[in-house]
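Here is a short walk through a protein model, written for someone who likes to know which side chains touch which. Have the viewer open as you read.

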Amino acid sequence: MIAIVCDYLINHPQDIFLSIGALIISYIIYFYISYFTRSDPLPGPLPLPIVGNLLAYPGDAGKWAQELHKKYGDIYEVYLGTARTVWLNRSDLVDKVMSSSHTNHFHHRTGENDGLDELDITSKGVFFNNIGKDLNYHRKIYEKTIMTPQFGKNILPVTQSLFKQLESFWKDYKCFEENREIDFSLWMQQFGFECTLKLVTHFHAPALINYYNSLNPKQKVTKIPEDSLSSIDTERFINCLKSNFDSWCFFLLIPKYLRRTLEIRTNNYLLREKDWLYSNVLNIIKLRKSQIENSSIDELRANQDLLTQFITMNTEKDISKGITDDFHSEPMSDGNIRQNLIETLSGGTVTVSSSLSFIIYFVAHHPEVLQKIHQELANVLGTNTDSEITFEDVNKLKYCDAVINEVGRLWPILPVNLRISSKPDTIDNHKFPTNQQFFINQQDIQLNPKDWNNPEEFNPSRFLSSNGTSKNALLIFGGGLRTCPGKNFAIIQMKILMALIYRKYDIELVDSTASIKYKYSLIRQCSEMMIKIKQRRNI
Ligand code: HEM
């Protein structure tokens, strides 16, 4: 039969085009018949064959979710390529997907995805790890390490001592004397990276020194502390942590055929950055492994950190105080350590620095809020602007907590979150099959008048009333089983930094009429926050 058709087409070449045309038209008819007769349809934009609604994607899932929400209501569907995704836009609609129950079957973020496989992250680390037993094990390790009060206490000395160095650089760079404009977000990225690396690995990378030297090449700091990973290219490292979010977003959403044809340059650039990052993180792991070989278990116990815990787990030098489960009796693979370390460093470097920059922006636009921050700092810390801040002090900074919440409510780092079902289920009387991909519009949920009075208003004091917030109405750190394990770390660090900055310095935005400069890449990364900083006069 095929031979007859081929024979015919060879003798009638003009019919080849007709046949291709007929095939395409048949596919389009088939596609739209399937689409219009699908079971349990939801409102949503009309998809095109093959690309679905991807051509309408504006490059920012947060913005897209808001536009679609206005048009199609609280629950709608969008086709990403050929995959149907369901978007949820109200706190009560996400009850099931954000549940903390261990019987919850919305445990994972995504299903099979060749792009994320190519990045080697669907069986490693936490964020996109689809191997349930490994994911739970890694989260358990976080619970016993970075989520403990002891870790919270360790953040204080490291942050305060690094802040002293930051202040000396600001002073040497004449930030306080001249009308010098600085990019606060870049300074905070160096700070966050150096601080997090120190806290989770005990290694010291001189990111602040390197950044200062790049700004001030004529008066370079040449004395690098002895315990530093001095050969590490901190600027590239931080850039790779940032572009790693671009990779997650790009490889998650863009189908292989588009990545490898139309977007080949982006594809190759991101893969190069990923390779550099992975190999440099693996070098850190190798270095620590060699130090561990030459250390006694008592020395390791005295100097506990997340990386040492990862490496020694299930070895004869295990310092993990019994973080075990029924599935893991072997040491953790280098690939898993690499991915966990990258996710932790990204949280401490990119998300914390962006969140703080957004706080600076909102507070600069609301002098009445700044006044209340000053009042709280004076009440809790007194008037000595160089005094040591204690863990008890940090716990008393309730208004600073409220500011962090309010900025995160109006301007969340992760505007749209993801979950996938592992069993059929019903939401809002709609039936969904196994492997249904859900997108959670966290941004709009946090702006819903059903849960918030005057939702568009910037009013941190709303968090000080005893009424509390409705369930799942505040998702700054996500929710349920996959809630952010770095939440306490981030909040403590942001509060200390708010206290250190606002008790001593006045901050002015260089352009107070400009909107926030950010880039969307799964999360919102602050791309620039130009400020002028001065010593406070009226304390
Ligand atoms: C202001 C700073 C931060 C914000 C706003 C933030 C926000 C988030 C959000 C919304 C999620 C998704 C949670 C969910 O799906 O329910 C998440 C996940 C995660 N965050 Fe954070 N985060 C911050 C800082 C950090 C820090 C400092 C770390 C590490 C030290 C960290 C590590 C992680 C990890 C490992 C995950 C993946 C958890 C999982 O998939 O189970 N984050 N974060």
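## Crossing helices and an iron site

In this predicted model, helices α11 and α14 are roughly perpendicular to each other, because angles of 65 to 115 degrees count as such and their axes cross at roughly 110°. The crossing of this pair is right-handed. On the α11 side, the residues involved are Leu-277, Tyr-278, Val-281, Leu-282, Ile-285 and Lys-289, and they meet Asp-334, Ile-337, Arg-338, Gln-339, Leu-341 and Ile-342 of α14. By type, the contact of α11 with α14 comprises eight nonpolar, one polar and three charged residues.

A second pair to look at is α15 with α19, which pack at an angle of about 95°. That angle makes α15 roughly perpendicular to α19. Here Leu-370, Ile-373, His-374, Leu-377 and Leu-381 of α15 touch Met-498, Ala-499 and Tyr-502 of α19. This contact has seven nonpolar residues, one polar and no charged.

| Helix pair | Angle | Axis distance |
|---|---|---|
| α11 (264-293) and α14 (334-364) | roughly 110° | within 9 Å |
| α15 (367-381) and α19 | about 95° | 10 Å |

Now turn to the ligand. Which residue is the only protein donor of its iron atom? It is Cys-484, through SG at 2.3 Å. You will find Cys-484 in the loop between α18 (442-445) and α19 (487-502).

Finally, an unreviewed UniProt entry places a "transmembrane region" at residues 16-33. In the model, that span is 100% helix and 0% strand, with its end C-alpha atoms 26 Å apart.

Definitions and conventions
Residues are numbered from 1 along each chain as its sequence is written. This is a predicted model: local features need pLDDT of at least 70, side-chain atom pairs count only at pLDDT 80 or more; totals for chains, interfaces and linings use all residues. Side-chain values use heavy atoms; hydrogens and water are left out. Axes are lines fitted to C-alpha atoms, for helices over the stretch in contact, and angles run from 0 to 180 degrees between N-to-C directions. Helices (H or I, at least four residues) and strands (E, at least two) are DSSP runs, numbered from the N terminus. Angles under 35 degrees count as roughly parallel, over 145 as roughly antiparallel, 65 to 115 as roughly perpendicular and the rest as oblique. A crossing is left-handed if the near helix is turned anticlockwise from the far one by less than a right angle, and right-handed if clockwise. Contact means heavy atoms within 4.5 Å. Ala, Val, Leu, Ile, Met, Phe, Trp, Tyr, Cys and Pro count as nonpolar, Asp, Glu, Lys and Arg as charged, and the others, Gly among them, as polar. Donors are N, O and S atoms within 2.8 Å of the metal (3.2 Å for Na, K and Ca); water is not among the atoms, so sites may look incomplete. UniProt positions are given in the numbering used here, feature names are shortened, and annotations may be inferred rather than shown by experiment.
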